[in-house]
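Thanks for coming, everyone. Let me put the structure on the screen, and then we will walk through it.

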Amino acid sequence: MISDLKEEQSESSTEYFDCVILCTGLTAQPVQIDCQIKMLPVSELNHPDGLGHITDQRIVVIGGGESAVDYANRLAQPELNNKVFLSLRSGIRVSTRYHPIRGVPSDFLRNRLMLSIHENIRNWIGQRFVEL
């Protein structure tokens, strides 16, 4: 169950999920959460067949980094028949890990291009992108 408080309307809504995946970023040690739900170890999540048993579920993946997007993508494969939501703290750009044509990490191409532009212009472009 996830509760969401909508600031503009000051109303609360509740969503129910069969599975919650927390992707909170890099950590030196896993953090144990005191809860009544089954916890999957990272080794099971990262195993090529590790998510294949999660089918016909309503799932929320919390986080906006590469791991969160990867898990959401893997769980949303049509043959698994899951309904997957990606929960983000704020608006961010989510892109595939690898460029579909060039086969290199997407952020490599984006960063290489952006770093070749003068800092003032780069900041202006970034600001316009965020505003859009």
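Start with L22: is this residue buried, partly exposed or exposed? L22 is partly exposed, because its relative accessibility is 46%. For the cut-offs, buried means under 20% relative accessible area, exposed means over 50%, and partly exposed is in between, with a 1.4 Å probe and protein chains only.

A word on the model. This is a predicted model, where local features need pLDDT of at least 70, side-chain atom pairs count only at pLDDT 80 or more, and totals for chains, interfaces and linings use all residues. Residues are numbered from 1 along each chain as its sequence is written, and side-chain values use heavy atoms, with hydrogens and water left out.

Now the overall layout. The protein chain has four helices and five strands. Helices (H or I, at least four residues) and strands (E, at least two) are DSSP runs, numbered from the N terminus. Along the sequence the pattern reads β-β-β-α-β-α-β-α-α. The protein chain has 132 residues, and buried residues make up 15% of them. Next, contacts, meaning heavy atoms within 4.5 Å. Take those in the protein chain with a separation of 6 or more: 53% of them come from residues 24 or more positions apart.

On to the sheet. Which strands form it, and in what order? Three strands form an open sheet, in the order β3-β4-β5, and the pairing is parallel. Two strands pair if DSSP finds at least two bridges between them. β3 and β5 stand at the edges, each with a single partner strand, so one side of each has no neighbour in the sheet. From one strand to the next, the twist averages 15°.

Look at the two pairings. β3 and β4 pair in the parallel sense over four bridges. There, I21 stands opposite V61 in β4. β4, residues 58-62, also pairs with β5 in the parallel sense, over five bridges. In that pairing I59 stands opposite V84 in β5.

Back to L22 for a moment. L22 sits in strand β3. Not counting residues up to four places away in sequence, L22 touches I33 and I62. L22 and G63 are 41 residues apart in sequence, and their C-alpha atoms are 6.7 Å apart in space.

Now the helix on the sheet. β4, α2 and β5 make a right-handed β-α-β unit. Right-handed means this: with the strands pointing away from the viewer, the path from the first strand over the helix to the second runs clockwise.

What about the core? The largest nonpolar core has 12 residues, including C19, I21, I59, V61 and L75. β3, β4 and α2 each supply at least two residues of this core. The largest share, four residues, comes from α2. By nonpolar core I mean a set of buried Ala, Val, Leu, Ile, Met, Phe, Trp, Tyr and Cys residues joined through side-chain atoms within 4.5 Å.

One of the core residues is L51. L51 lies in the loop between α1 and β4. L51 counts as buried, because its relative accessibility is 3%. Leaving aside neighbours within four places in sequence, L51 is in contact with E44, L45, Y71, R74, L75 and L80. L51 and L80 are 29 residues apart in sequence and 9.0 Å apart in space, C-alpha to C-alpha.

Next, a loop residue, N82. Where is N82 found? N82 is in the loop between α2 (66-75) and β5 (83-87). N82 counts as buried, because its relative accessibility is 14%. A polar atom of the N82 side chain lies 2.9 Å from the backbone oxygen of L75. Not counting residues up to four places away in sequence, N82 touches I54, T55, D56, Q57, I59 and L75.

Finally, two backbone details. D56 is not a glycine, yet has a positive phi of about 55°. D56 lies in the loop between α1 and β4, and is exposed, with a relative accessible area of 52%. N81 is not a glycine, and has a positive phi of about 55°. N81 lies in the loop between α2 and β5. N81 is exposed, with a relative accessible area of 51%.

That is my tour. Over to you.

Key. A polar contact is a pair of N or O atoms within 3.5 Å; within protein, one must be able to donate a hydrogen and the other to accept it, and residues adjacent in sequence count only if both atoms are side-chain atoms. Axes are lines fitted to C-alpha atoms, for helices over the stretch in contact, and angles run from 0 to 180 degrees between N-to-C directions.
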